[in-house]
Amino acid sequence: MKSSSFLAYLTALPLGLTMATSAGAEDLWPTFNGNLQAQKFSTADQITPENVHQLEVAWEAHTGDVSTGEDGSPVSAWSATPIFANDTVYLGTPFYRIFALEPDTGEVKWIYDSHALLEGLTQDILKSRGVAYWEAANPVEGQPCQKRVYIGTMDAKLHSVDADTGKACTDFGTDGILDVNTWNTTNNKWPLSLFQPPTVFGDTLVLGWAGKDWADTAAPPGYVFGIDARTGALNWTFDPIPSDIASRTGTADVWASMSVDPEAGIVYLPVSSPSPNFYGGERLQPIPLATSVTALDIATGDVIWSRQLVHHDIWDYDTNAAPTLVDIKRDGETVPALVQTSKQGFLYVLNRLTGEPVFPIEERPVPASTVEGEHASPTQPFVAVPEPTVDAEWPGVYWLADLASGGYCSNTAAGLRYDGPFTPPSLEGTITYPPTTGGVEWGGGAVNPETGTYIVNSSNVVQIYKLVPREAFDKIEAGGTEVAGFFPMTGSPYGFEVRAFLNPLGMPCWNPPYGTMSAYNLNTGELLWRKPFGQVQKWGFYMPEDWGSVTFGGPLMTSTGVIFIGASMDRRVRAISEETGEVLWKANVDANAVAIPATYTYNGKQYVVFVAGGNSFVAPGVSDQVIAFALPD
């Protein structure tokens, strides 16, 4: 280990998963994914498979930051992980305010208002995945802002706030606000929206951004910034787009969370697809860092290694979740590994120091494009072990949905192109499985490092992708109003239509289940169990449990073998057995809990906290509820 990396590791220790930083706090949840390694794991052991059924509401809070869209403002979508550090629960809201709550009562300690512009500048919803926490390794007594909370806004402002008082840290940026958009210098068509909180390691913030998907051919390149945690000064910039094609493409941004190996001083980036997302004729030159998992030296931003997961991505298969870092046992040796989930349903298990596969990755032939100007990659990487979270072929027409719609599903399928995985978008329309919605979405998986068990929820969704020639698309746009499911990809010869493969009654045309949860032994790659997860809630009824549910958000695991998760469409949160996949407990909440939950121990009591804010993309209904559960006294 390099001495500089070791010093950085020591600097980062205040963010350790179980290190007590203040009186009364035994188990923390100080980052978006629980710890820097994105394990979503807690050593808290008070709640067990035997007593979890006794959980009851410990406290509940409402922020008031919710929008149904009825007043013409964008609807809210809340996917924030509650952060527990500094004896406080911190939350970022879709209105870009920070709430600091008492961990045992939910009472408000303070509120910080960013006074952000609440308009759909890059996306048509108000969204937030929460806040990040930092504290000085050697705090200066009597000085403010030795502990800080950060929140970003849609208009590219990063705010630094004193974690004790809720007041702006005026030494950061300009009076506590860093305008990240000042670094948006190439294809500056929209602001670099900061929905995902930065990743914090030592005194560095690593910051990605989200943009306006599916809108333009030329777009801002997917810069990732290394920023000084105290001042906001720019230390380094990572750019995934080759300079000679930057004028005609863009994005390949990191809009999801990231993970860090503290000992090696490496930050791992899940890099998304380049623009335009569904037609690559304007970007036929290789973009090796796009749709990849890429490892950077966190001190310099230099690339250590990168592995592309989709070649010439024309499916919007963004690498969309922080890889989970864990040491596994292979052939009697300890392997420093990472597990990268994907929308394709593949789990890429790599040596996190070198990027080399731990389980084989095979290049296989895939279908060619039939669209003029497009040249799909002739091969794509496939993973057989661990077993993918989705089947290789689309599930086929569901007889009940077909019957209920008078043959609509089967007749429609017959007119669409489908030649197996990675069938390119087409002019007649392509059955795409899995599509941009996954597979595994941004919540990623969780690991119990003590057992090597890896848990991940996944969606089985079928969409129809269709390229629309520019002249025909322009006539659609000329109608004067936006048409649902149509996106311009301005600057390319084609617009794009995407829709879920539903019958006129709104029923999925493909066979269930629509969502599953899977458990793997990472030491062997073996699938331990897979079960339908969640329930579809529609027309006031719950659909059958064996249908499962589309999911957004991820699980957490505890050392006692209990999995906690929201994520499903049915406004319920659950506890599940790590050993068997059996549902041990569930409770109703106000809206879909499409966020990663948190667990912590405070004054000897373990709490599990869910944000139940909803996302209209998953199911109707939004809320501003934060709810904590605990065992009775």
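# Notebook: aromatic rings and one glycine

I began with the rings and found that the structure holds 33 aromatic pairs. I keep in mind that this is a predicted model.

**Entry 1: Trp214 and Phe278.** I looked up this pair and noted its geometry. Trp214 and Phe278 are edge-to-face, at 5.2 Å centre to centre and 70° between the planes. The angle counts as edge-to-face because it is over 60 degrees. Next I asked where the two residues sit in the chain. Trp214 is in the loop between β15 (204–207) and β16 (224–228). Phe278 is in the loop between β19 (266–271) and β20 (292–297). The pair links distant parts of the chain, 64 residues apart. Then I checked accessibility. Trp214 has a relative accessible area of 14%, so Trp214 is buried. Phe278 is buried too, with a relative accessible area of 1%.

**Entry 2: Phe552 and Phe617.** I moved on to another pair. Phe552 and Phe617 are also edge-to-face, with 5.7 Å centre to centre and 90° between the planes. I found Phe552 in the loop between β36 (541–542) and β37 (556–558). Phe617 lies in the loop between β42 (605–612) and β43 (625–630). The pair therefore ties together parts that are 65 residues apart in sequence. Is each residue buried or exposed? Phe552 is buried, at a relative accessible area of 10%. Phe617 is exposed, at 56%.

**Entry 3: a cluster.** I wanted to know which residues form one aromatic cluster. I listed Trp315, Tyr317, Phe346, Tyr348, Phe382 and Phe422.

**Entry 4: charges over rings.** I looked at two arginines. The charged end of Arg129 sits over the ring of Trp442, 4.3 Å from the ring centre. Arg574 has its charged end over the ring of Phe533, 5.6 Å from the centre.

**Entry 5: Gly152.** I turned to a glycine. Gly152 has its place in strand β11 (residues 147–152). Its relative accessibility is 7%, so Gly152 counts as buried. Which residues does Gly152 contact, leaving aside neighbours within four places in sequence? I noted Tyr96, Lys157, Leu158 and Leu194. I also looked up the separation of Gly152 from Asn188, 36 residues apart along the chain. Their C-alpha atoms are separated by 19 Å.

**Recap.** I have two edge-to-face pairs on the page: Trp214 with Phe278, and Phe552 with Phe617. Among the residues I checked, Gly152 is buried, whereas Phe617 is exposed.

Notes: Residues are numbered from 1 along each chain as its sequence is written. This is a predicted model: local features need pLDDT of at least 70, side-chain atom pairs count only at pLDDT 80 or more; totals for chains, interfaces and linings use all residues. Side-chain values use heavy atoms; hydrogens and water are left out. Rings of Phe, Tyr and Trp (its six-membered ring) pair if their centres lie within 6.5 Å; planes under 30 degrees apart count as stacked, over 60 as edge-to-face and the rest as tilted. Helices (H or I, at least four residues) and strands (E, at least two) are DSSP runs, numbered from the N terminus. Buried means under 20% relative accessible area, exposed over 50%, partly exposed in between (1.4 Å probe, protein chains only). A charge sits over a ring if NZ of Lys or CZ of Arg is within 6 Å of the ring centre and within 35 degrees of the ring normal. Contact means heavy atoms within 4.5 Å.
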